[in-house]
There are 2 protein chains.
Amino acid sequence: MMDEQSSAPVRAGRGRRSAAIVRAEVLEAAATLLYEEGLGAVTFDRVAAKSRASKTTIYKWWPSPGALAAEAHFARSEPELQFPDTGDVYADVQTQLRSFVRLLTQHGGGRVIAELIGASQTDSDLAAEVSAKYTLPRRLLAIDYFERARERGQLDAHVDPTLLVDQLWGACYNRLLVPDAPLTEAYADALVANALLGAARTGYREQISTVGAN
Amino acid sequence: MMDEQSSAPVRAGRGRRSAAIVRAEVLEAAATLLYEEGLGAVTFDRVAAKSRASKTTIYKWWPSPGALAAEAHFARSEPELQFPDTGDVYADVQTQLRSFVRLLTQHGGGRVIAELIGASQTDSDLAAEVSAKYTLPRRLLAIDYFERARERGQLDAHVDPTLLVDQLWGACYNRLLVPDAPLTEAYADALVANALLGAARTGYREQISTVGAN
DNA sequence: CACCTAAATGGACACTCTGTCCACTAAGCT
DNA sequence: AGCTTAGTGGACAGAGTGTCCATTTAGGTG
């Protein structure tokens, strides 16, 4: 009606394309937006415009812009899922926690994680993605390590490994998300020392341990 | 032009109103939206529609919907800023941490905090508000308490009070924001025990403390 | 007490993003 | 070669942002 019998029946770029190619291009565009402008820039509109994919297709595959951003990020970031066990709990944990702090503080690597966890609070699809692809696997790895250390007799029998993880990695996440205090490698070292040795002074310690530690 | 010489020069509700009244009505509307529908419902558009205030006025006073929501929440929530010091560190901290967990888990009180901290990751105005009105004052209170306990000789001289706060309250925030494990009062109790006594077993403890704790 | 200025008002605007349509067209299996 | 499946551009209503107005009144001044 409008094209007045348009002489161009062939419009470039139209029609179906390979799903694999489209997915890759969408994730590529989402990752670029995420790294260059932050999570707020990852919208279905802008990703569709930046990739060659149409909005309809993106809506079909991802439940929310946040979930798309998370998949784009985790597809790029190396798995690096390893927790070496030399038998020296103190050294092993210190190494792991230091490199975690380095990951969060160097090259703005912490900003992406912080934004993803932040947006997870109001996007359950994103929360599921972050947990499944990131926090939970790492958490399980650490828990597994602490259980082995406990079986070796290095940790107290009644110590909960999941709690230990929270007191080490969770404390770091806290300084990342609620930055009322700085996040440094020295902080990581002090965390390890206190988690393993405790803050109570000799003398007061014995007084507590008979009453407190249920 | 359009009203064809409208016979009503007096349009109800127009003109300047008292700043105090307007502010109160805006905060009231924002709080209602926040509690009933969550942070996502607190938009300048909806707050303006719900209160009798105009959008222009709201934009002048608050930098972002998040900052408005935070102020509305903190204006309502009781300060309850107290950290009783009975001299019994273990009991005092346990009491505080238990009531903190209760605050986060009961009546959906944790959801609002989680959403505010979450949105803080992409809204610096909100982040400043949350820190100034909520996290920092509470943090300072706890730090102050631990410093007194340390001076009394109950805590090790080289223990960093800020770190201890992270390992107790930060660990709880972590389970709130990254819910890979449950947040319960029993968890709070275990956190206190481990923060004060440490996880290392007698025997291995001595081995570490000579090398590790810088 | 009348006046004046500072400030809140309703309304309109362009812009962006969401979420959902459609008819069209090509990919990849049968 | 044919057919079904699926990606395509484009359009759309709805909602929120951020910024304009000209209008109207509150609260301090002379």
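A crossing of two helices is right-handed if the near helix is turned clockwise from the far one by less than a right angle. This model is predicted.

**Helices H5 and H8 of chain A**
- H5(A) spans residues 89-105, and H8(A) spans residues 161-177.
- Their axes lie 11 Å apart and meet at an angle of about 20°.
- Angles under 35 degrees count as roughly parallel, so H5(A) and H8(A) are roughly parallel to each other.
- The crossing of H5(A) past H8(A) is right-handed.
- H5(A) brings A:Val93, A:Leu97, A:Phe100, A:Val101 and A:Leu104 to the contact, while H8(A) brings A:Leu168, A:Trp169, A:Cys172 and A:Leu176.
- By class, this contact of H5(A) with H8(A) has nine nonpolar residues, with no polar and no charged ones.

**Helices H5 and H9 of chain B**
- H5(B), residues 89-105, packs with H9(B) at an angle of about 145°.
- The axes of H5(B) and H9(B) are 9 Å apart.
- H5(B) also passes H9(B) in a right-handed crossing.
- Among the contact residues are B:Tyr90 and B:Arg98 of H5(B), and B:Glu185 and B:Leu191 of H9(B).
- The contact of H5(B) with H9(B) holds eight nonpolar, one polar and four charged residues.

**Where the chains meet**
- In chain B, 56 residues are in contact with 56 residues of chain A.
- Helices H6, H7, H8, H9 and H10 of chain B each give two or more residues to the side that touches chain A.
- H8(B) gives the largest share of that side, eleven residues.
- The side of chain B that touches chain A has 27 nonpolar, 19 polar and ten charged residues.

Conventions. Residues numbered from 1 in each chain as written. Chains lettered and ligands numbered in written order. Predicted model: local features only at pLDDT ≥ 70, side-chain atom pairs only at ≥ 80, totals over all residues. Axes fitted to C-alpha atoms, helices over the stretch in contact; angles between N-to-C directions. Helix = DSSP H or I, 4+ residues; strand = E, 2+ residues; numbered from the N terminus. Parallel < 35°, antiparallel > 145°, perpendicular 65-115°, else oblique. Contact = placed C-beta atoms within 7 Å. Nonpolar A, V, L, I, M, F, W, Y, C, P; charged D, E, K, R; others polar.
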